[in-house]
Amino acid sequence: LQDSAQGRFVVYLCSGPSRDGDFQHWMTQLSANETYAVNVDTEHGGYSHDLADPSVAQRLTKLASDARCSGVLATIPCSTWSASRYVQPGPAPLRSWPEWPSGIPGPSGELPLKVTRANRIARHAIAIAEAAVSHGGHFVFENPVGRDKDSQFAIAGREDHASLWRLPEMVAFAERHGNHTV
């Protein structure tokens with residue numbers, strides 16, 4: 001991760017590998033090379049880009065706190081929040097709404113490791129976005145819609161689906177900033 005960024009930039013969390021026509025490409029092109037994207041993803045930078053790691057999150061929060069940071073784009077992996085987990089046979093749901101939006105505990109009361117990791121990534125992404133907002137930066141979180149019974153996109157058989165948008169920290173973040181889902 002670059003701690004001494006030059007010029008304006010956007011932090012792109014969970015970006016995947018760089019590729020032609022990606023967000024980084026268009027950010028640079030549409031800004032006439034005045035703003036660039038800092039891609040953050042383990043596929044791009046290995047362990048030094050692991051958003052679940054608190055030290056990586058701390059460095060990214062510092063980077064997003066820089067006044068040159070225009071904002072944060074976060075495309076958090078949706079595996080543990082996926083409504084497709086309700087399609088059987090297949091992997092069982094790992095979360096439910098309204099009882100377990102942060103994860104369904106296992107037999108011993110612990111959350112599955114993949115849920116703990118996903119929650120940590122989401123919480124870190126929120127903190128990084130908050131750092132950008134603190135100086136007037138913007139943010140976008142991209143993730144699939146909820147399919148629970150209260151969603152405008154409800155699907156029968158997924159009435160207790162808990163999407164990322166039901167994670168208590170995400171709900172509080174959205175309320176603090178008057179966010180809307182689109």
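In this predicted model, helix 4 covers residues 113-133, a run of 21 residues. From its first C-alpha to its last, helix 4 reaches 30 Å, close to the 30 Å expected at 1.5 Å a residue. The points below begin with the surroundings of helix 4 and then turn to other topics.

- The buried residues of helix 4 include Val 115, Ala 118, Asn 119, Ile 121, Ala 122 and His 124.
- Further along helix 4, Ala 125, Ile 126, Ile 128, Ala 129, Ala 131 and Ala 132 are also buried.
- An α-helix has 3.6 residues a turn, so residues three or four places apart point the same way.

**Aromatic pairs**
- The model contains five aromatic pairs.
- One of them joins Tyr 12 and Phe 23 edge-to-face, at 5.3 Å centre to centre and with 75 degrees between the planes.
- Because Tyr 12 belongs to strand 1 and Phe 23 to helix 1 (residues 23-30), this pair ties together parts that are eleven residues apart in sequence.
- Tyr 12 counts as buried because its relative accessibility is 10%, whereas Phe 23, at 28%, is partly exposed.
- Phe 141 and Phe 173 also pair edge-to-face, because their ring centres are 5.5 Å apart and their planes lie at 70 degrees.
- That pair links distant parts of the chain, with Phe 141 in strand 4 and Phe 173 in helix 5, 32 residues apart.
- Both partners are buried: Phe 141 has a relative accessibility of 13%, and Phe 173 has a relative accessible area of 0%.

**Phe 139 and its contacts**
- Leaving aside residues up to four places away in sequence, Phe 139 touches Val 72, Ala 129, Val 133, Phe 173, His 177 and Asn 179.
- Val 72 is 67 residues from Phe 139 along the chain, yet their C-alpha atoms are separated by 4.6 Å.

**Charge over a ring**
- The charged end of Arg 166 sits over the ring of Trp 97, at 4.1 Å from the ring centre.

**Largest pocket**
- The largest pocket holds about 690 Å³ of space.
- It is lined by 24 residues, and those closest to its centre are Val 145, Trp 165, His 180, Thr 181 and Val 182.
- Strand 4 and helix 5 are the elements that give two or more residues to this lining.
- Helix 5 supplies the largest share of the lining, five residues.

**Backbone features**
- Gln 88 and Pro 89 are joined by a cis peptide bond with omega of about 5 degrees.
- A cis bond also runs from Trp 97 to Pro 98, where omega is near 10 degrees.
- Pro 89 is placed in the loop between strand 3 and helix 4, and Pro 98 is in the loop between strand 3 and helix 4 as well.
- Ala 32 is not a glycine, but its phi is positive, at about 55 degrees.
- Asn 33, likewise a residue other than glycine, has a positive phi near 65 degrees.
- The loop between helix 1 and strand 2 (35-40) holds Ala 32, and Asn 33 lies in the loop between helix 1 and strand 2 too.
- Ala 32 is exposed, with a relative accessible area of 56%, and Asn 33 is exposed at 64%.

Terms used
Residues are numbered from 1 along each chain as its sequence is written. This is a predicted model: local features need pLDDT of at least 70, side-chain atom pairs count only at pLDDT 80 or more; totals for chains, interfaces and linings use all residues. Side-chain values use heavy atoms; hydrogens and water are left out. Helices (H or I, at least four residues) and strands (E, at least two) are DSSP runs, numbered from the N terminus. The expected span of a helix is 1.5 Å times one less than its number of residues. Buried means under 20% relative accessible area, exposed over 50%, partly exposed in between (1.4 Å probe, protein chains only). Rings of Phe, Tyr and Trp (its six-membered ring) pair if their centres lie within 6.5 Å; planes under 30 degrees apart count as stacked, over 60 as edge-to-face and the rest as tilted. A charge sits over a ring if NZ of Lys or CZ of Arg is within 6 Å of the ring centre and within 35 degrees of the ring normal. On a 1 Å grid over the protein atoms alone, a cavity is a set of points where a 1.4 Å probe fits but cannot get out, and a pocket is an open set with protein on both sides within 12 Å along at least five of seven lines; lining residues have an atom within 4 Å of a point. Grid points are joined across faces, edges and corners, and a volume is the space filled by probe spheres set on the points. Contact means heavy atoms within 4.5 Å.
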